[in-house]
Amino acid sequence: MTVLVTGGAGFIGSHLVDALVARGEEVLVVDDLSSGSQRNLNPRAEFEMIDIRSEQAARLIRERGPRAICHLAAQVSVSRSVREPLLDADVNVAGTLNLVVAAAEVGCRFVFASTGGAIYGAAKRIPTPEDEPAWPVSPYGIGKLAAEHYLHGFREQAGLSYAALRYANVYGPRQDPHGEAGVVAIFSRALIDGRTPTIHGPGTDTRDYVFVGDIVAANLAALESDRAGHYNIGSGVQTDVNTLLERIAAALGVEARAEHGPPRAGDVRASALDAGLAERELGWRPLVTLEEGLRETAEWFKG
């Protein structure tokens, strides 16, 4: 039976599609190409250019009856969600709910790409476990949390099988360096081009960086599990932005340089995720160190 991947022409989604195809799965990609690229599409996967908010997307699920949906299509920028909260809610809440309703009707597994850093807000415990109160401060985090609550409600009312994966800051090959999300890609492209990247604030904010290959492995583990709930997917290690820039520059073999601008609204000051629950219940843990992942990412950007 088919695995449907929304956002399968995007950064994370295309890597997941490649892994599913390599395993011999029949894969159907749904993407409106608003941020994804046809260059990322696996030629062995079926592709439908559809907006997740449309009736066409829901009808496709009902007609094809996939065994599972991996939902990665989203508005991914925290700063854009602050500027355009209605758009963010339309895509990340209404769009997700459109798919969830259809998924519950056909009885398929639903694996949802949520967020860790944005969903907990100013967490008191770092690394942050799943039982930390979730008080997101950006529309992006609020929307992802709302989608998780819909998933829980549909499990209680309709028996929907789901897992919400709360990603840390994902990086790796194919990440878009021209958007507002994805600091590793943005810094890498700027340094290669000889431009000076901008750090928002003093550069002391910390994030938990997880390689895209580990994110793919988490999705595969969640697909094959019958466990329900939300799971942190991260390394548990904090890295500040200044240090990250130095490590990216070292991986690229260039000088580390940056200019500092004002902090961005909606950004949290510190974030790292405790992924112990994912290890215990899904059998997942990160395998790629930041140094290893940055080397592989640097080679891709240089190539």
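Q: Axes are lines fitted to C-alpha atoms, for helices over the stretch in contact, and angles run from 0 to 180 degrees between N-to-C directions. With the structure being a predicted model, at roughly what angle do the axes of helix α8 and helix α10 cross?
A: Helix α8 covers residues 241-252 and helix α10 covers residues 290-302, and their axes come within 8 Å. The crossing of these two helices, α8 and α10, is right-handed. The angle between the axes of α8 and α10 is roughly 55 degrees.

Q: Is helix α4 roughly parallel or roughly antiparallel to helix α5?
A: The axes of α4 (residues 85-106) and α5 (residues 139-158) come within 9 Å and cross at roughly 15 degrees. Among the residues that make the contact are V93, L97 and V100 of α4, together with Y150, L151 and F154 of α5. Because angles under 35 degrees fall in one class, the orientation of α4 to α5 is roughly parallel.

Q: Is A146 buried, partly exposed or exposed?
A: A146 lies in helix α5 and is one of the α5 residues in contact with α4. Its relative accessibility is 24%, whereas buried would require under 20% and exposed over 50%. A146 therefore counts as partly exposed.

Q: How many of the 5 residues of strand β1 are buried?
A: From β1, T2, L4 and T6 point one way while V3 and V5 point the other way, and all are buried. Strand β1 (residues 2-6) is thus largely enclosed by the rest of the structure, the number of its buried residues being 5.

Q: Which residue of strand β4 is the bridge partner of T6?
A: Strand β1 pairs with strand β2 (residues 26-30) in the parallel sense over 5 bridges, and there V5 has V29 as its partner. Strand β1 is also joined by 4 bridges to β4 (residues 68-71), again running parallel. In β4, the bridge partner of T6 is H71.

Notes
Residues are numbered from 1 along each chain as its sequence is written. This is a predicted model: local features need pLDDT of at least 70, side-chain atom pairs count only at pLDDT 80 or more; totals for chains, interfaces and linings use all residues. Side-chain values use heavy atoms; hydrogens and water are left out. Buried means under 20% relative accessible area, exposed over 50%, partly exposed in between (1.4 Å probe, protein chains only). Two strands pair if DSSP finds at least two bridges between them. A crossing is left-handed if the near helix is turned anticlockwise from the far one by less than a right angle, and right-handed if clockwise. Angles under 35 degrees count as roughly parallel, over 145 as roughly antiparallel, 65 to 115 as roughly perpendicular and the rest as oblique. Contact means heavy atoms within 4.5 Å.
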